[in-house]
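Work through the exercises below with the structure open beside you, and try each task before reading its solution.

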Amino acid sequence: MAELQFLVPVDGSENSNAAARHAVELACRYGADISTMFVVDDRKYRTPDLVEVVMSAGEEYVGQVRKLAEGHGIVVRSVKVLVGSPIEEILKEAKAMNVLMIVMAACGEDHVEPPFIGSVANRVLRQSASHVLLVRKTENMEHYREILIPTDGSDDAMYAANAGMSLAKRYDAGVCACTIVDSKDKIIERHVTTLKEVERGMVLGDTLIYPEAIVKRMRKRLFDEASKIAEEVREIAAKNGVSAEILVRDGKAAPEILKIVKEKNVDLVVLGSHGRGTLSRTMAGPVSEKVASMVECSVLVVRSSRAEETLPE
């Protein structure tokens, strides 16, 4: 197996410092190498004097990451201070070095209201081909104790489940696998006659209300299917020697996931990047984006494009 490498962009903020510590802890667990970088935003710092001052600060920030990593026996492959667009330079470096994962703060110096996501993290999450770990400070800091794995049965969700189990094994963390069923969206309790049905003798615009017993059967089938999907994650957990709790909830996916995070005091949510019904394969799915933007803990978004290079068991 190729050596693992994490890219750790920093900006000098406390959130960024916490993300760097998080990356070092993770690298220790996996025997991974680290590369770190700082980007002087040329849209913000326009004069040579300002650029020079910020570059000097950047050298200090990446130097701190190097010292921290090397102090834990971690190989530091690259340390860079660049000038340009932070988003573009991070994505460029990640691609050039073919890093497995980008580890960065969910909110950096450009954002002061947690838990919302910063503009740089948001764009990196959307556009990166690498897995992305967005770090937020939690009660347990970088030591995961409870990991949440939402699943919808898609390939992306299964890749995420395997990554989540790998982390659970290394951190001896508990796992909760959840499947969300939006019964109001899936079950039609009433039907209005269409033009095609008029040809079969029905009256256009008539409203047909389904019997309550039929609606209950439809709801039961939905939940049975959801339970089977969640059980697939439990099977992955069993193969990895991890105990997993299964939850099936009714409602909108993102809000329900956020509720579970609070109920279970979750430290990390592990998500597939697309899931079912994604509009574009080039950016994270809508549920992943919403959860990553609003959740109060760290989030790992796993790319299906790197399915063969996810975290090892």
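The exercises that follow concern a predicted model, and they move from its sheet to one of its helices.

**Exercise 1.** Find the order of the strands in the open sheet, and say which strands lie at its edges.

*Solution.* Begin by tracing the 10 strands, which form an open sheet with mixed pairing in the order β3-β2-β1-β4-β5-β12-β11-β6-β7-β10. Next, look for strands that pair on one side only, which are the edge strands β3 (76–84) and β10 (244–250). Finally, follow the twist, which averages 20 degrees from one strand to the next.

**Exercise 2.** Describe how β5 is joined to β12, and identify the helices that lie across both strands.

**Exercise 3.** Check the length of helix α5 (residues 155–171), and determine how many of its residues are buried.

*Solution.* At 1.5 Å a residue, the 17 residues of α5 should span 24 Å, and the end C-alpha atoms, 25 Å apart, agree with this. The helix is mostly covered, since 12 of its 17 residues are buried, including Met158, Leu167 and Tyr171. The buried residues pack against several elements, among them α1 (14–30), β6 (146–150) and α8 (212–239). Just after α5, aspartate 172 takes a positive phi of about 55 degrees.

Key. Residues numbered from 1 in each chain as written. Predicted model: local features only at pLDDT ≥ 70, side-chain atom pairs only at ≥ 80, totals over all residues. Heavy atoms only, no water. Pairing = 2+ DSSP bridges. Helix = DSSP H or I, 4+ residues; strand = E, 2+ residues; numbered from the N terminus. Axes fitted to C-alpha atoms, helices over the stretch in contact; angles between N-to-C directions. Contact = heavy atoms within 4.5 Å. Expected span 1.5 Å × (residues − 1). Buried < 20%, exposed > 50% of the residue type's maximum accessible area, 1.4 Å probe, protein only.
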